[in-house]
Amino acid sequence: MRRLAIWIMAITCLVDLSSCGTTSFTPPPVTVELVRNGSDPHRDIAMLSEGRALFVHRCIECHTLPAFWRYSTEDWPKIVDSMAHRSNLRPAERDAIVAYILAVRGQ
Ligand code: HEC
């Protein structure tokens, strides 16, 4: 019985460790500077804030939040396109997420 308890503790620790690792970065807040960085002609504080909120809440439903720096600015629009139907994104929501990601990437 005691051995089982130790196993349960060990497994709980492992699970905790891996869930800590997934939140090791926080998507930056939307600021005036961030809006200036972006390239989408329709971008403004409201659009990028919506993009950030959607990214944070919807793109974490099936996997950990993907890190911005892991993919190029050319790849991001294609990746969000391929994830859009999985997340049931409307076209405007897809655009907002891409605009936010590219603004963070300084594009
Ligand atoms: C319904 C589940 C689901 C949702 C929601 C989802 N994804 Fe994914 N995502 C997956 C699966 C499954 C994979 C595994 C590989 C594949 O099929 O491309 C994946 C893979 C990825 C990858 C890795 C692709 C590669 O080529 O390395 C990225 C980046 C990604 N998703 C980003 C996102 C973003 C951004 C969103 C939000 C718009 C999102 N995902 C929402 C299921 C989801």
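Reply: Read along the sequence, the protein chain follows the pattern α-α-α-α-α. The model is predicted, and local features need pLDDT of at least 70, side-chain atom pairs count only at pLDDT 80 or more, while totals for chains, interfaces and linings use all residues. Residues are numbered from 1 along each chain as its sequence is written, and side-chain values use heavy atoms, with hydrogens and water left out.

Of the 107 residues of the protein chain, 31% count as buried. Here buried means under 20% relative accessible area, exposed means over 50%, and partly exposed is in between, with a 1.4 Å probe and protein chains only.

Now the iron atom of the ligand. H63, through NE2, and M83, through SD, coordinate the iron atom at 2.0 to 2.3 Å. Donors are N, O and S atoms within 2.8 Å of the metal (3.2 Å for Na, K and Ca); water is not among the atoms, so sites may look incomplete. The 6 donor atoms around the iron subtend angles of 86 to 180°, which makes the arrangement octahedral. Six donors count as octahedral if opposite donors are over 155 degrees apart and all others between 65 and 115. H63 lies in the loop between α3 (45–58) and α4 (75–84), and M83 in helix α4, so the pair ties together parts that are 20 residues apart in sequence. H63 is partly exposed, with a relative accessible area of 41%. M83 is also partly exposed, at 27%.

Around the ligand there are 13 residues, and the closest are C59, C62, H63, M83 and R86. The shell divides into 8 nonpolar, 2 polar and 3 charged residues. In this division Ala, Val, Leu, Ile, Met, Phe, Trp, Tyr, Cys and Pro count as nonpolar, Asp, Glu, Lys and Arg as charged, and the others, Gly among them, as polar.

Some side chains also come up to N or O atoms of the ligand. A polar side-chain atom of H63 lies 2.8 Å from a nitrogen atom of the ligand. For Y71, a polar side-chain atom is 3.2 Å from an oxygen atom of the ligand. In the side chain of R86, an N or O atom is 3.1 Å from an oxygen atom of the ligand.

The loop that holds H63 also takes part in aromatic pairs. The structure holds 6 such pairs. The rings of F25 and W69 have their centres 5.4 Å apart and their planes at 70°, so the pair is edge-to-face. Rings of Phe, Tyr and Trp (its six-membered ring) pair if their centres lie within 6.5 Å; planes under 30 degrees apart count as stacked, over 60 as edge-to-face and the rest as tilted. F25 lies in the loop between α1 (2–22) and α2 (32–37) and W69 in the loop between α3 and α4, so the pair ties together parts 44 residues apart in sequence. F25 counts as buried at 15% relative accessibility, whereas W69 counts as exposed at 58%. F25, F55, F68, W69 and Y100 form one aromatic cluster.

Terms used:
Four donors count as tetrahedral if all angles lie between 85 and 135 degrees; four count as square planar and six as octahedral if opposite donors are over 155 degrees apart and all others between 65 and 115; anything else is irregular. Helices (H or I, at least four residues) and strands (E, at least two) are DSSP runs, numbered from the N terminus. A residue is near a molecule or strand if one of its heavy atoms lies within 4 Å of it. A polar contact is a pair of N or O atoms within 3.5 Å; within protein, one must be able to donate a hydrogen and the other to accept it, and residues adjacent in sequence count only if both atoms are side-chain atoms.
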